[in-house]
Amino acid sequence: MKFATTSRGDELSNSLQEKIRTYLLEFELEHDEEQPDIVISVGGDGTLLHAFHKYQHRLEETAFVGIHTGHLGFYADWVPSEVEKLVIHIAKTPFRIVEYPLLEVTVRHFDGEKSAQYLALNECTVKSMEGSLVMDVEIKGEPFETFRGDGLCISTPSGSTAYNKALGGAILHPSLESIQISEMASINNRVFRTIGSPLVLPKHHTCLLKPVNDVDFKITIDHLFLVHKKVKSIQCRVAEQKVRFARFRPFPFWKRVRESFIVE
């Protein structure tokens with residue numbers, strides 16, 4: 001089996017990365033940064049996000065597993081003291097694959113430039129850089145509302161515990177094939193109205209955002225920033241591709257939610 005490792009870059013993460021690489025080579029696994037069967041991420045959820053985008057061109061062949069060296073993560077489910085145990089599992093134990101849905105984002109432009117397509121593991125955001133952002137929102141090809149406010153966040157179920165939660169969005173189990181739309185400081189008064197609540201769309205529904213007013217805004221895909229260049233529309237839907245995680249033991253999602261947000 002071929003493996004690759006990635007690190008957050010701090011001293012502890014780098015030392016664990018080197019230890020994992022050494023151990024796996026001793027077990028006669030092949031180190032391959034270009035075409036790995038499994039990627040071991042050492043750091044936190046942000047480190048795994050970077051690994052996901054690095055290998056998103058081979059999601060059908062590559063699985064991910066994470067070791068967290070900081071705060072408890074939703075993607076990184078092993079701790080530094082378990083490195084030896086994880087290495088033995090990788091080398092000796094057939095792992096179970098768990099697949100989670102992704103967000104597909106298609107950005108189209110007015111100037112005839114070819115549309116660009118992106119995948120997000122957590123979310124896509126559209127934020128005003130000055131003043132209020134006005135966007136027409138279509139759902140499944142039908143006009144839904146004209147949004148006015150700071151911006152919109154479209155998240156995956158596995159990303160629902162991230163920025164989406166900070167905006168008052170619901171926490172969804174990561175196995176649900178859906179996307180969620182949450183508002184950022186929407187304007188609701190006698191003149192302007194928005195739904196004011198998060199929306200959860202199933203796999204066969206598409207959300208289309210069309211800028212109305214001429215304000216500068218930025219688009220993010222997870223940690224990646226896109227420059228607004230005469231954007232005609234932003235289409236979001238559940239992607240056909242899925243992210244694959246290598247599971248060597250149970251990973252109770254609701255237990256992780258409790259530990260992250262409730263238990264001190």
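1. Trp254 is partly exposed, at 49% relative accessibility. This is a predicted model, and the values below are computed from it. Trp254 pairs with Phe253 in an edge-to-face arrangement. Their ring centres are 4.8 Å apart, with 70° between the planes.

2. Phe253 is buried, with a relative accessible area of 7%. It also pairs with Phe74. Here the centres lie 6.1 Å apart and the planes meet at 50°, so this pair is tilted. Phe74 is buried too, at 13% relative accessible area.

3. What does the pair of Phe74 and Phe253 tie together? Phe74 sits in the loop between β4 (63-68) and β5 (76-78). Phe253 belongs to helix α5 (residues 253-261). The pair therefore links parts that are 179 residues apart in sequence.

4. Across the whole structure, the search gives 6 aromatic pairs.

5. Two charged side chains sit over rings. Arg249 covers the face of Trp78, at 3.6 Å from the ring centre.

6. Next, the helix packing. The axes of α1 (residues 11-26) and α3 (residues 83-92) come within 10 Å. They cross at roughly 35°, and the crossing of α1 and α3 is right-handed.

7. Lys19 deserves a separate look. It lies in helix α1 and is partly exposed, at 34% relative accessibility. Which residues does Lys19 contact, leaving aside neighbours within four places in sequence? They are Val83 and Glu84. The C-alpha atoms of Lys19 and Val87 are separated by 9.6 Å, while the two residues are 68 apart along the chain.

8. Now the open sheet of 6 strands. Its order is β13-β12-β11-β8-β15-β16, and the pairing is antiparallel. β13 (199-202) and β16 (224-226) stand at the edges. Each has a single partner strand, so one side of each lacks a neighbour in the sheet. Neighbouring strands of this sheet are turned by 20° against each other on average, direction ignored.

9. Inside that order, β8 (residues 123-128) and β15 (residues 217-221) run antiparallel. They are joined by 5 bridges. Cys124 has Ile221 of β15 as its bridge partner.

10. Strand β9 (residues 133-139) is mostly covered, with 6 of its 7 residues buried. It pairs with β10 (residues 142-149) in the antiparallel sense, over 7 bridges. β9 and β10 form a hairpin with 2 residues between them. Lys140 in the turn has a positive phi of about 55°.

11. β9 is also joined to β14 (residues 207-211), by 5 bridges. β9 and β14 run antiparallel. Which residues are the bridge partners of Asp136? In β10 the partner is Thr146. In β14 the partner is Lys210.

Note on methods:
Residues numbered from 1 in each chain as written. Predicted model: local features only at pLDDT ≥ 70, side-chain atom pairs only at ≥ 80, totals over all residues. Heavy atoms only, no water. Phe/Tyr/Trp six-rings, centres within 6.5 Å; stacked < 30°, edge-to-face > 60°. Helix = DSSP H or I, 4+ residues; strand = E, 2+ residues; numbered from the N terminus. Buried < 20%, exposed > 50% of the residue type's maximum accessible area, 1.4 Å probe, protein only. Lys NZ or Arg CZ within 6 Å of the ring centre and 35° of its normal. Pairing = 2+ DSSP bridges. Axes fitted to C-alpha atoms, helices over the stretch in contact; angles between N-to-C directions. Left-handed = near helix turned anticlockwise from the far one by under 90°. Contact = heavy atoms within 4.5 Å.
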